Amino acid sequence: MKYPELPLKLSPASNEARDVVGFKYAGGNVGQRSKLGGDPDWIQGEDVPGCTSGNVMTFYGQLDSAGDSMCLADCGIIYVFICLGCYETRSVFQSN
Ligand SMILES: [Zn+2]
């Protein structure tokens, strides 16, 4: 099972939120890699988890670091997975 890719765009809800978006030095698309569906954009290589029943889990989405003051390690991404049998969820974190 693979969901179609839906890129997520940040829409800051306040001036404080607007201030944490963006990187001074990180290049490329860092900060704009959040999405639902598609394939994980692995930073360190594939690492799909299994649920407690041993089923391979389905990729649901990924959450990118947002900016210099809201950065996970070295511009890391949290990958979210769900088992479509038992609905257990797991996340995997990778960083540069
Ligand atoms: Zn399961």
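**Exercise 1. Find which residues Ile-77 touches, leaving aside those up to four places away in sequence.**

Solution. Take two residues as in contact if their C-beta atoms, placed from the backbone, lie within 7 Å. Under this rule, and not counting residues up to four places away in sequence, Ile-77 touches Arg-33, Asp-41, Ile-43, Gln-62, Leu-63, Asp-64 and Gln-94.

The model is predicted, with local features requiring pLDDT of at least 70 and side-chain atom pairs counting only at pLDDT 80 or more, while totals for chains, interfaces and linings use all residues. Residues are numbered from 1 along each chain as its sequence is written.

**Exercise 2. Determine which residues make up the largest nonpolar core.**

Solution. Such a core is a set of buried Ala, Val, Leu, Ile, Met, Phe, Trp, Tyr and Cys residues joined through C-beta atoms within 7 Å, where buried means that 20 or more other C-beta atoms lie within 10 Å of the residue's own, again placed from the backbone. The largest one has 5 residues in all, namely Met-57, Phe-59, Ile-77, Tyr-79 and Phe-81. Strand 4 (residues 77–82) gives the most to this core, with 3 residues.

**Exercise 3. Work out how strand 3 pairs with strand 2 and with strand 4.**

Solution. Strands are DSSP runs of E with at least two residues, numbered from the N terminus, and two of them pair if DSSP finds at least two bridges between them. Strand 3 (residues 58–64) pairs with strand 2 (residues 35–36) in the antiparallel sense over 2 bridges, and Lys-35 has Gln-62 of strand 3 as its bridge partner. Strands 3 and 4 also run antiparallel, joined by 6 bridges, and Thr-58 has Ile-82 of strand 4 as its bridge partner.

Conventions. Buried ≥ 20, exposed ≤ 12 C-beta atoms within 10 Å, placed from the backbone. Helix = DSSP H or I, 4+ residues; strand = E, 2+ residues; numbered from the N terminus.
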